[in-house]
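Subject: The structure we talked about

Hi there,

Here is the structure I promised to pass on. Please open it alongside this note, and have a look before reading on.

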Amino acid sequence: MKYINFLFLSLLFLTACKSQTNEINYEVIKTDNEWREQLDQMSYLVLRKAYTERPYTGKYDNFYEKGTYHCAGCNEPLYQSNNKYNSFCGWPSFDKEINDKLIYDVDYKLGYPRTEIKCKKCGGHLGHVFNDGPKETTGIRHCVNSAALIFKKS
Ligand SMILES: [Zn+2]
């Protein structure tokens, strides 16, 4: 019985933790309908439903102009073009974000933990972070969906 109580309390604790992480107070908050109206379909699916666009299909995969990449949901600047590099993975890759613009989370969608990256201002899903980035800089690869970004020329 004690064990069952412990199990129950652990579950309760885990549930409490989970609901806490869902209650981040983002600066930009919109209803699902508002997001759907504002965003094109692919950006909506990526940012709000954590979809991943098919590799080599995004508009910024092979794109290397000088400028800044903003969140397609709330327009916050997230990445600089001088941190973009070609990882040949099929998605825009960056070795570094602009300081303090992202939230890191864990997702188990593929059955193993991956580090999910979200926009700190609106909570929009951007992609994932991996440890196979360029060794000469950070060693980190931000694998970001093009549909989550808007490029602005500098
Ligand atoms: Zn955003």
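Below is what I found in it, from the whole chain down to single residues.

First, the ground rules. This is a predicted model, in which local features need pLDDT of at least 70 and side-chain atom pairs count only at pLDDT 80 or more, while totals for chains, interfaces and linings use all residues. Residue numbers start from 1 along each chain, following the sequence as written.

**The overall layout**

The protein chain has 3 helices and 9 strands; here helices (H or I, at least four residues) and strands (E, at least two) are DSSP runs, numbered from the N terminus. Read from the N terminus, the order is α-α-α-β-β-β-β-β-β-β-β-β. Of the 154 residues in the protein chain, 29% are buried. By that I mean 20 or more other C-beta atoms within 10 Å of the residue's own, with exposed meaning 12 or fewer and partly exposed in between; C-beta atoms are placed from the backbone. Among contacts with a separation of 6 or more, 55% join residues 24 or more positions apart. A contact here means that the two C-beta atoms, placed from the backbone, lie within 7 Å.

Two strands count as paired if DSSP finds at least two bridges between them. Strand 5 and strand 6 (residues 114-119) run antiparallel and are joined by 6 bridges; Tyr 104 has Ile 117 in strand 6 as its bridge partner.

The other open sheet has 3 strands in the order 2-1-9, again with antiparallel pairing. Its edges are strand 2 and strand 9 (149-153), each with a single partner strand. Strand 1 and strand 2 pair over 3 bridges, and the bridge partner of His 70 in strand 2 is Pro 77.

Helix 3 (residues 41-49) has Ser 43, Tyr 44, Val 46 and Leu 47 buried. These buried residues pack against helix 2 (32-38) and strand 7 (125-130). Just after helix 3, Ala 50 has a positive phi of about 60°.

Setting aside residues up to four places away in sequence, Ala 148 touches several residues, including Val 46, Leu 47, Ala 72 and Leu 126.

**Two residues to look at**

Which is buried and which is exposed, Ser 93 or Asn 25? Ser 93 is buried, because 24 other C-beta atoms lie within 10 Å. Ser 93 sits in strand 4 (residues 93-94), and its C-alpha atom is 6.3 Å from that of Val 144, 51 residues apart along the chain. Asn 25 is exposed, because it has 6 other C-beta atoms within 10 Å. Asn 25 lies in the loop between helix 1 (2-21) and helix 2, with its C-alpha atom 8.9 Å from that of Lys 121, 96 residues apart along the chain.

Best wishes
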